[in-house]
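Please look over the two chains below with the following points in mind.

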Amino acid sequence: MKKVEAIIQPSKLDQVKNALHEIGVEGMTVSDVRGHGRQKGHTEVYRGREYNVDLLPKVKIEMVLPDRLVDPVVSTILSAAKTGKIGDGKIFIYPVEESIRIRNEERGESAL
Amino acid sequence: MKHFVFALILGLAFGLCAGKGVAQTAPQPASEVQAAAPSQTPAGQSQKLEGEIASAQSAGDNSWMLVCSALVLMMTGPGLALFYGGLVRKKNVLATMMQSFSLMALITVLWAVVGFSLCFSSGTSFIGGVQHLFLHGVGSTPDPTYAGTIPLETYMVFQLMFAIITPALICGAFAERMKFSAMVLFMVLWSLIIYDPMAHMVWGKGGFLNASLGGAFPTLDFAGGTVVHITSGVSALVCALYLGKRVGYPHEPMPPHSVVLSFIGACLLWVGWFGFNAGSALAANGLATSAFVATHFGASAAAIGWAIAEWIRNGKPSVLGAISGAVAGLVAITPASGFVSPMSALIIGFIAGVFCYLMVSKVKSRFGYDDSLDAFGVHGAGGTIGALLTGVFATAAINPIFKDSHGNALPVGWVDGHAGQVLNQLVGVLIAWGLAIVGTLIILKIVDSLIGLRVPEEHEIQGLDLALHGEEGYTFEA
């Protein structure tokens, strides 16, 4: 089992989510986050005072998947989320030790 | 123990006032115009008709003035509460709104007991007397010195709304760091020591600066440029300097947490201001219309002025800038509203928009004071320039306020040829500045030595909503 964590542009969320549903991903957690890699922020001005905003809004999608789905999911995210510009985001893959379904206490890959 | 004693004193004082008020104020008979003994003679019928016309006039004036009173109260709550609330950080939104709201209640009680009397009963040139203590003698009978067609009680409640919003404006200077208890005490003293004398001098019987009642230095102030905006704005500057900067200012970014709230507040201020300025005509007449139009035009031109100045200097016109500009224009047109032509109102507004923009964006950062919500930059500065420009643009064609012994209209402002009026305006402005500076320093010293002004640093960092009120403005996760 692996956890795939993707940080993407907020405007790409719908496209990525639909594409993932299409290849059979059944569970995901989505959160609104702020952050930056090499993308520059912007300046806001209020009553003549400048504020540099370098933490930009992004969306984080987290999924725990059986190993066989990891490669298809990664390619799907790449094709749906890419614009080719700085700020597109990143994908991280982590090993997962255990997964448990709370409703019936099922464990392992069948709990995903 | 300290809190218990404080609450006990407050409770006793309140009980005393309520008791005394109930005992003293007997209901006044409604001022229905009595027709002469029923008669079919032309003279009798004519008198009856005149009475009915006067009644109709009163009905029109009184309904207008009550609406205006409501509009001005709306300017404080929710107008100013939202405008200021949106400008502070999220952790302080409730505390900021509470400052405006509590004054709605507090100043009302103070006004009823002693405030109205100190402003509007006869006394000296500088302060009124005790004739109307506990609103004694304030009922449905008009006081012709002030407004002959509406009950004195209407006049009282209209003026009350001005007395409420004026101290509320000062809160912009010490936002995010003032103790609530200290603010309450400060405002009670401020209202008594600064507002009441200033209002009496400009609008009260025998007032030193009263232009319509023969004051020694007639300062033209139609709706309160000096009484409301200069006193509060300058006082705000003194408070900002005395209290010092917020923790982290100016290095830590402290942008407004909701320009949306400020926007709504500013629009409510604009609409409410029609009550503030046009209502100061004290009747539903052509002068009210004139003031209404001047107010609207002043706001519009100022919004444009600020936006243009910002567009040029920053490359983009901001929403916060546009609404701030409108407010600055409304402030500046306040003293002028019942004296100037619509075209002059456009000019005054535009000048105020640009001037206040520079005050807020350049002067404030140059001198480094933390006037958090620009109470001085908008109200102090806007009120000053508006009061002076009133001396320039006031004209008898709009409002023949000065008359010679035969009742002929005299020149009013510079455009009429009476350039000296600008000097009279300057006297009023300087008195307002002086009273605000000296009075505020004294009050700050008193309150500081009694209970302290600023919250401790941990409270300031935690946020006043939690520290002072035990609440959070937004709990979206719930």
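1. Helices (H or I, at least four residues) and strands (E, at least two) are DSSP runs, numbered from the N terminus. On that basis chain B has 14 helices and zero strands. The model is predicted: local features need pLDDT of at least 70 and side-chain atom pairs count only at pLDDT 80 or more, while totals for chains, interfaces and linings use all residues. Residues are numbered from 1 along each chain as its sequence is written, with chains lettered from A and ligands numbered from 1 in the order in which they are written.

2. Chain A holds two helices and six strands, in the order β-α-β-β-β-β-α-β from the N terminus. Its radius of gyration is 17 Å, well over the 13 Å given by the globule rule for 112 residues, so chain A is more spread out than a compact globule. The radius is taken over C-alpha atoms, and the rule is 2.2 Å times the number of residues to the power 0.38. The C-alpha trace of chain A spans about 60 × 30 × 20 Å along its principal axes.

3. In chain A, 17% of the 112 residues count as buried; buried means 20 or more other C-beta atoms within 10 Å of the residue's own, with C-beta atoms placed from the backbone. In chain B, 54% of the 478 residues are buried.

4. The C-alpha atoms of chain B fill a box of roughly 80 × 55 × 45 Å along the principal axes.

Key. Buried ≥ 20, exposed ≤ 12 C-beta atoms within 10 Å, placed from the backbone.
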